[in-house]
Amino acid sequence: MRAQIRQGLRSSARQQGGRRRRAVSAAAAVAVGVMTLGALAPPAASASDSAAASAAAAARPDAVQQALNALVRDDGMPAALASVQDRNGRTRTYTAGVGDLTTGSKVPRDGRVRIGSNTKAFTAVVVLQLVGEGKIGLDATVDTYLPGLVRGEGIDGRRITVRQLLQHTSGLPDYGIHLGDDEIRNRYFEPRELLDIALRYKADAAPGAKWGYSNTNYVLAGLIVQKVTGRPLAEEMDRRIIKRIGLSHTYFPAPGEMTIREPHPQGYHHNPADGPLRDFTELDPSAGWAAGQLISTNSDLNSFFTALLAGRLLPAAQLAEMRTTVPAGTSGLRYGLGLTSRPLSCGGVYWGHGGDIAGYETRGGVTDDGRAANVAVTTIPTNEAAAQHVKDAVDRALCG
């Protein structure tokens with residue numbers, strides 16, 4: 001599987017990856033869409049001041065819109081979408097580009113996208129809720145819940161803890177790098193099949209020795225949830241998170257469900273990196289499962305991470321564990337238990353995760369003082385500069 005496809009189930013863990021070749025994008029000449037604003041009350045002003053401000057705003061798009069425009073114009077993204085929430089909970093939504101390269105249709109405002117490895121944060125919350133209920137021990141071994149299941153070259157489930165799964169310090173190899181385009185797009189995988197793929201390969205490291213991103217960790221976390229609760233992971237996620245905090249545009253696709261419900265931009269994929277964009281909107285997301293299967297919107301992701309950081313999903317002790325991080329690469333990114341922190345140019349950090357799956361990339365998070373932003377683009381960047389520009393757009397949104 002080519003390098004950029006290996007990233008298809010990965011998250012903001014791209015900080016590990018090597019350089020990418022710049023893609024020649026079919027979307028490079030696409031016209032930039034206009035900003036779509038949610039309700040945001042302006043400060044009191046006179047009629048003349050308001051008219052002048054409106055004219056100025058129309059003439060000079062704000063920093064977030066400019067960043068999205070550049071992602072389309074300069075980085076060849078077919079579309080870019082963002083949702084930004086201020087400290088008072090007021091939201092602005094933005095779009096740029098086109099929702100469908102064939103028809104030229106508009107980008108749906110706050111459209112649904114595949115959120116890839118943001119799913120890991122949801123899975124980690126369910127595990128930590130069960131920890132708080134005394135049903136899972138963070139420092140219990142995988143074999144406590146799945147006896148004899150995890151064995152391989154340098155791999156022993158009697159030595160790997162639940163904490164190490166959630167923090168990517170288990171040393172388990174990543175099944176995702178061994179899947180090709182056709183498999184990711186068309187094949188249905190049972191979770192045990194994904195684990196079996198990983199166990200064909202030797203351990204990347206001894207448990208606890210170092211941080212190393214692996215989707216396999218979260219497949220095992222999902223299997224533990226199912227073993228402990230006796231219910232499907234999707235059902236537990238829906239009951240414990242999605243319905244609990246009212247994420248009305250977030251769902252775990254059913255087996256065999258390859259389309260995206262409700263308005264959404266088409267997702268596109270390069271393979272090879274310098275080849276043409278292919279429409280990858282429809283795919284079987286089961287290769288992601290607990291590591292990357294969810295579909296959501298930018299605003300729902302803002303709501304999720306805001307609720308999480310505000311303590312609405314986890315007891316204080318488990319949230320503190322989730323926020324206890326280790327270094328993850330060289331960019332200042334740190335990884336907790338399914339939650340990352342990343343430095344902001346204006347000081348402090350933001351908390352989130354991020355996700356890639358063929359067709360879509362999402363980046364964003366929330367600050368401790370209540371700001372939230374999430375950005376989605378409709379193809380995975382194929383070079384480091386474009387990937388950085390997506391993260392820069394989040395930074396502009398949170399620091400503006």
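Helices and strands here are DSSP runs, numbered from the N terminus. The model is predicted.

**Whole chain**

Start with everything shown and coloured by secondary structure. The chain has 13 helices and 15 strands. Of its 400 residues, 58% count as buried. Now turn to contacts between residues at least 6 apart in sequence: 72% of them join residues at least 24 apart.

**E262**

Select E262, in the loop between α10 (233-242) and β6. E262 is not a glycine, yet its phi is positive, at about 65°. The relative accessibility of E262 is 43%, so this residue counts as partly exposed.

**W289**

The next stop is W289, in the loop between β7 and β8 (295-296). W289 is another residue other than glycine with a positive phi, here near 40°. Is W289 buried or exposed? Its relative accessible area is 9%, under the 20% cut-off, so W289 is buried.

**Helices α4 and α9**

Select residues 119-132 for helix α4 and residues 215-229 for helix α9. Their axes come within 10 Å and cross at roughly 40°. An angle of this size makes α4 oblique to α9. The crossing in which α4 passes α9 is left-handed.

Show side chains at the contact. From α4, pick K120, T123, A124, V126, V127 and L130. These meet N215, Y218, A221, G222, V225 and T229 of α9. Sorted by class, the contact of α4 with α9 contains seven nonpolar residues, four polar ones and one charged.

**Helices α3 and α13**

Now select helix α3 (residues 63-73) together with α13. The two pack with their axes 9 Å apart, at an angle of about 170°. An angle over 145° counts as roughly antiparallel, and α3 and α13 are therefore roughly antiparallel to each other. Their crossing is left-handed.

On the α3 side, the contact is made by A63, V64, Q66, A67 and L71. On the α13 side, show A386, H389, V390, A393, R396 and A397. The contact of α3 with α13 divides into eight nonpolar, two polar and one charged residues.

**The disulfide**

Stay on α13 for the last stop. How many disulfides does a search of the whole structure find? The search finds one. Select C346 and C399, which form a disulfide with their sulfur atoms 2.0 Å apart. The pair links distant parts of the chain, 53 residues apart. C346 is in the loop between β11 (340-343) and β12 (349-352), whereas C399 is in helix α13 (residues 384-399).

Then colour the two cysteines by accessibility. C346 has 43% relative accessibility and counts as partly exposed. C399, with a relative accessible area of 24%, is partly exposed too.

Technical notes: Residues numbered from 1 in each chain as written. Predicted model: local features only at pLDDT ≥ 70, side-chain atom pairs only at ≥ 80, totals over all residues. Heavy atoms only, no water. Disulfide = S-S within 2.5 Å. Helix = DSSP H or I, 4+ residues; strand = E, 2+ residues; numbered from the N terminus. Buried < 20%, exposed > 50% of the residue type's maximum accessible area, 1.4 Å probe, protein only. Axes fitted to C-alpha atoms, helices over the stretch in contact; angles between N-to-C directions. Parallel < 35°, antiparallel > 145°, perpendicular 65-115°, else oblique. Left-handed = near helix turned anticlockwise from the far one by under 90°. Contact = heavy atoms within 4.5 Å. Nonpolar A, V, L, I, M, F, W, Y, C, P; charged D, E, K, R; others polar.
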